[in-house]
Amino acid sequence: MEAMSLVSSQLAERVRKPHWSLARTWLLQPGLPEGSDAFDAADASTADVVVLDIEDGLPDALKDAGRRTVAEYLRDDRSAWVRINCVSSPRWSEDLAAVADAPGLAGVMLAKTESADDISATAARLPVGTPVVALIESALGIECALEVARTPGCSRIAFGVGDFRRDTGMSAEPTVLAYARARLVIASRAAGLPAPIDGPTLRSAAQDLARDTDVAKSAGMTARLCLDAAHADAINALLSPSPLDIDEAHRTLACLDAPTGVYDGSVGPTRARAEAVLDLAAKLGLD
């Protein structure tokens, strides 16, 4: 009975997970050879989306075997996203050949996206309607963000902070990376995409998780990559409307609907912000 209850609880958790367009945590799970048990554990976590990583999540020596394991997993009545290698890598074509027709492929995260052609070429190899998240990890990618975001097939943008810093020599200080984050937020909005996904907090820097998530939220991002399933609960909570946020939104709308005096700001933006909080809360089942 206990085992059945655990399974029921896990299934219920899966049902409660939001659509990828609203997902707050994107757990990068290394696509290790013979890693199906670890994949199942990731799926049973509170992360909104699980991304089986056959790019930087694996050393080169394990990529072929890891790819096979991930493809087999997605053909065994399981579902997940997959992070594939960049278009300039010979492994890109091999990755797509292995997973594109797998019934359980929920979507693709394309590493090191730098152009509209990267998205178009990838989307052309996938079943129609398969969402593609463009992982932008370089100076060129940042400068081409709007072009990438507006390309048919691009469903959302993510910020690969580590590789971006390696490419540019920038530090991790929020003020230093503010321009890059702003470019991704503005490009996403201009293209009509969901707000972008920020980079992760390293396992060794778990003490910075709340601060890093606040930086992402302040920048206008609504999700984060995640390297540790244990980080998911905190990120989900910090990127969701709090009970205080929801109450304040209700009070704001009540004030606007029956004004009794002057108030700060313009009616349109003030109402829109309050309505956005309540709409997100409803979609996440928090209202």
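Where in the chain does Glu34 lie? In this predicted model, Glu34 sits in the loop between strand 1 and helix 2. Its phi is positive, about 60 degrees, although Glu34 is not a glycine. Most residues other than glycine have a negative phi. Glu34 has a relative accessibility of 74% and therefore counts as exposed, since the cut-off for exposed is over 50%. Asp77 also has a positive phi of about 60 degrees and is not a glycine. Asp77 belongs to the loop between helix 3 and strand 3, and with a relative accessible area of 78% Asp77 is exposed.

Strand 1 (residues 25-30) pairs with strand 2 in the parallel sense, over five bridges. Within this pair, Trp26 stands opposite Val49 of strand 2. Strand 3 (residues 80-84) pairs with strand 2 in the parallel sense over three bridges, and Trp81 in strand 3 is the bridge partner of Val51.

Is strand 2 enclosed by the rest of the structure or open? Five of the five residues in strand 2 (residues 49-53) are buried, so strand 2 is largely enclosed by the rest of the structure. In a regular strand the side chains alternate between the two faces of the sheet. In strand 2, Val49, Val51 and Asp53 point one way, Val50 and Leu52 point the other way, and all are buried.

Next come the nonpolar cores. In soluble globular proteins, nonpolar side chains tend to be buried together. The largest nonpolar core in this model has 51 residues, and those touching the most other members are Val70, Leu74, Ile84, Ile157, Phe159 and Leu184. Leaving aside neighbours within four places in sequence, Ile157 has contacts that include Val133, Ala145, Leu184, Leu193 and Ile197. A second, separate core holds 14 residues, among them Leu28, Val49, Val133 and Ile197.

The last topic is annotation. UniProt, in an unreviewed entry, lists residues 42-195 as "domain: HpcH/HpaI aldolase/citrate lyase". Over residues 42-195 the chain is 44% helix and 18% strand, and the end C-alpha atoms are 24 Å apart.

Which residues does the UniProt annotation "binding site" cover? In the unreviewed entry, this annotation covers Arg83 and Glu137. They span 55 residues in sequence, yet no two of their C-alpha atoms are more than 13.5 Å apart, so they gather at one spot. The lining of the second largest pocket takes in both Arg83 and Glu137.

Arg83 lies in strand 3. At 7% relative accessibility Arg83 counts as buried, because the cut-off for buried is under 20%. Not counting residues up to four places away in sequence, Arg83 touches residues including Val51, Leu52 and Asp53, as well as Leu28, Met109 and Leu135. Glu137 is found in the loop between strand 5 (132-136) and helix 6 (139-143). With a relative accessible area of 5%, Glu137 is buried. Leaving aside neighbours within four places in sequence, Glu137 is in contact with Ala111, Lys112, Gly160, Asp163, Phe164 and Asp167.

Note on methods. Residues numbered from 1 in each chain as written. Predicted model: local features only at pLDDT ≥ 70, side-chain atom pairs only at ≥ 80, totals over all residues. Heavy atoms only, no water. Buried < 20%, exposed > 50% of the residue type's maximum accessible area, 1.4 Å probe, protein only. Helix = DSSP H or I, 4+ residues; strand = E, 2+ residues; numbered from the N terminus. Pairing = 2+ DSSP bridges. Core = buried A, V, L, I, M, F, W, Y, C linked by side-chain atoms within 4.5 Å. Contact = heavy atoms within 4.5 Å. UniProt positions renumbered as here; feature names shortened; annotations may be inferred. 1 Å grid on protein atoms, 1.4 Å probe; cavity = no way out; pocket = protein on both sides within 12 Å on 5 of 7 lines; lining within 4 Å.
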